[in-house]
Amino acid sequence: FTEAGKHGLLGFPVPDEYGGPGVEDFRYNAIVIDEVARTGAAAEAIAFSLQNDVVLPYLTEMTTDEQKARWLPGVVAGETVLGIAMTEPGAGSDLTGIRTSAVRDGDSYIVNGSKTFISNGRNGDLFVVAVRTSADKHKGLTLLVVDADTPGFERGRKLDKIGLHAQDTSELTFTDMVVPVADRLGEEGQGFYQ
């Protein structure tokens, strides 16, 4: 990732004030992924696509200026590897079944639960995590951005898959993990819609 960052292959839509080139044309992302995959590096192509195409839009489109300043420069430089943690043992593609809880405690949330099949789970630094903040199936989901160094954040085993063995997929567990409200994306309860 740091080599990709040095060569300008990460964070195309990130504005220049946060270290990016500010290029909004998705074709740049597609060309990078196509060329990386052509070399036979399918796992790297998936990892770069996850970084640029799946997770990065949450950080460029749903963050405050203060959050952008904290997170985006590291993403563009390849020093911050991104992941998204939504899938759970009992809730695959059904996001309304998410059970990982986040209980508000002053200026923080206390997060408990687990996620599975998380791409970049072993090597990721910063994760967009879907949590349940109320019982409402749709309006009870909130997105938090979590640093992997947060106490209570644990990486589980690397999962064996039929293919793409070099691609990093693992389990994550959160035990009384304290996440500042300042690391929430948007308003509480908007996660399903985001």
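Select helix 2 (residues 27-38) and helix 3: the two pack at an angle of about 165°, with their axes 8 Å apart. Axes here are lines fitted to C-alpha atoms, for helices over the stretch in contact, and angles run from 0 to 180 degrees between N-to-C directions. Helix 2 is therefore roughly antiparallel to helix 3 (over 145 degrees; under 35 is roughly parallel, 65 to 115 roughly perpendicular and the rest oblique). Show side chains for Asn29, Ile33, Val36 and Ala37 of helix 2 and for Glu44, Ala45, Phe48, Ser49, Asn52 and Asp53 of helix 3, which make the contact (heavy atoms within 4.5 Å). These residues divide into 5 nonpolar, 3 polar and 2 charged. Helices (H or I, at least four residues) and strands (E, at least two) are DSSP runs, numbered from the N terminus.

This is a predicted model, in which local features need pLDDT of at least 70 and side-chain atom pairs count only at pLDDT 80 or more, while totals for chains, interfaces and linings use all residues. Residues are numbered from 1 along each chain as its sequence is written, and side-chain values use heavy atoms, with hydrogens and water left out.

Stay on helix 3 and pick Thr60, which lies in that helix (residues 42-61). Thr60 counts as buried at 17% relative accessibility (buried is under 20% relative accessible area, exposed over 50%, partly exposed in between; 1.4 Å probe, protein chains only). Beyond its neighbours within four places in sequence, Thr60 touches Val14, Lys68 and Leu72.

Next, colour the aromatic rings; the whole structure holds 5 aromatic pairs (ring centres within 6.5 Å; planes under 30 degrees apart are stacked, over 60 edge-to-face, the rest tilted). Phe1 and Phe48 form an edge-to-face pair, 5.3 Å centre to centre with 85° between the planes. Phe1 lies in the segment before helix 1 (2-6) and Phe48 in helix 3, so this pair ties together parts 47 residues apart in sequence. Phe48 is buried at 11%, whereas Phe1 is partly exposed at 26%.

Move to Phe192 and Tyr193, whose ring centres are 5.7 Å apart with planes at 85°, so this pair is edge-to-face. Phe192 is partly exposed at 32%, as is Tyr193 at 48%. Then select Phe127, Phe153 and Phe174, which form one aromatic cluster.

Finish at Leu95, in the loop between strand 1 (82-85) and strand 2 (101-105). Leu95 is partly exposed, at 26% relative accessibility. Leaving aside neighbours within four places in sequence, Leu95 contacts Met86, Arg132, Leu141 and Phe192.

Terms used: Ala, Val, Leu, Ile, Met, Phe, Trp, Tyr, Cys and Pro count as nonpolar, Asp, Glu, Lys and Arg as charged, and the others, Gly among them, as polar. Rings of Phe, Tyr and Trp (its six-membered ring) pair if their centres lie within 6.5 Å; planes under 30 degrees apart count as stacked, over 60 as edge-to-face and the rest as tilted.
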